[in-house]
Amino acid sequence: MGRSIGFDHVGATSTSFVWDLNEVAERVQDGEWAQIGPGQIDILVVGGGGSGTVSGSSAPAYPSFPGNYGGGGGGGGFVVTSSVSVEPFKNYEIIIGAGGTSGDNGGDSIFRDSATTINIIGYGGGGGRRGRNTPGSPGGSGGGGGGGPHPYIGKVAGSATTFPTGQQGFPGGNGGPRYAGGGGGGAGGAGTSAPAGSVGGSGASNNFKTGSAIFYAGGGGGKHAGLGNPTPNRSQGGPGGGGPGGPGNPDDGTPGTDGLGGGGGAEADGGSGTIVIRFPNVTSDPTFVSGAAEKTTYSTFKSFTFTSNATIQFV
């Protein structure tokens with residue numbers, strides 16, 4: 001016989017407050033008790049997507065082809081951590097990285113405790129760049145490099161990404177001749193290098209939210225006009241919220257998808273990041289000190305998806 005110290009009595013008739021382990025297990029399984037604190041949780045952290053290059057951010061457009069040259073933004077950093085130990089009644093802070101704007105990197109998404117003994121960071125995606133000899137920025141995934149005017153060839157390289165915590169994505173593609181920018185890198189693959197294409201790299205999938213795979217952190221597409229011959233199929237964004245870059249007009253890029261950390265297409269903003277936590281259904285929901293989250297219940301799990309800042313406790 002032993003006292004239950006990890007469970008909340010919510011429906012049993014006993015008043016002795018002393019139960020053996022078989023009784024504890026039966027009451028949890030029957031839903032009479034909820035476990036206090038999940039003990040361990042799974043965490044997905046996705047940084048904000050980088051912005052595709054903005055007009056005039058690095059170099060003027062070639063007069064006959066305004067809006068060309070631009071690279072796509074990189075997808076946000078993608079970090080999956082399983083079986084993270086958490087404590088009841090301790091504050092855990094959730095910070096969601098914003099999507100990049102004006103050719104800048106996306107913001108970092110962070111899950112951390114009050115003592116920062118847990119400090120999981122998904123870095124913002126790199127901003128795309130514009131203009132010959134202008135590399136994309138490093139980030140969770142690299143931004144696409146700027147393109148060069150015809151006949152300049154091979155003048156620009158996209159940027160790779162490495163952090164002390166390990167690789168969180170892939171590099172952007174090289175810019176090329178014929179005014180084509182490189183695709184932004186994604187969490188699951190590199191951006192395409194021009195002139196073969198300006199497609200954003202694929203994102204990576206995770207099932208913590210619903211039990212089914214969802215793609216996150218796709219790279220944004222770069223501009224791909226091909227000497228004035230629009231080829232939008234070569235400037236697509238990567239699966240996971242990457243925005244298409246468009247065929248060459250200054251304003252035809254598409255933003256990355258918010259809540260997925262997608263990189264922005266050339267001339268467009270990146271999408272905001274997200275954090276998803278999940279743990280077994282038998283445990284109680286977290287208490288929200290501030291903020292809110294979307295709750296999903298499936299199979300034997302429950303998940304909470306954050307798209308804005310929050311502070312929670314496990315109780």
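Aspartate 42 stands opposite arginine 278 in strand 10. This is a predicted model, where local features need pLDDT of at least 70, side-chain atom pairs count only at pLDDT 80 or more, and totals for chains, interfaces and linings use all residues. Residues are numbered from 1 along each chain as its sequence is written, and side-chain values use heavy atoms, leaving out hydrogens and water.

Me: Which strand does strand 10 pair with over six bridges?
Reply: Strands here are DSSP runs of E, at least two residues, numbered from the N terminus. Two of them pair if DSSP finds at least two bridges between them. With six bridges in the antiparallel sense, the partner of strand 10 is strand 13.

Me: Is phenylalanine 306 buried or exposed?
Reply: Buried means under 20% relative accessible area, exposed over 50%, and partly exposed in between (1.4 Å probe, protein chains only). Phenylalanine 306 has a relative accessible area of 0%, so this residue is buried.

Me: What kind of pair do the rings of phenylalanine 288 and phenylalanine 306 make?
Reply: Rings of Phe, Tyr and Trp (its six-membered ring) pair if their centres lie within 6.5 Å; planes under 30 degrees apart count as stacked, over 60 as edge-to-face and the rest as tilted. A search of the whole structure finds eight aromatic pairs. Here the centres are 6.0 Å apart and the planes at 40 degrees, so the pair is tilted.

Me: How many of the seven residues in strand 10 are buried?
Reply: Strand 10 covers residues 274-280 and is mostly covered. Its buried count is six.

Notes. Helix = DSSP H or I, 4+ residues; strand = E, 2+ residues; numbered from the N terminus.
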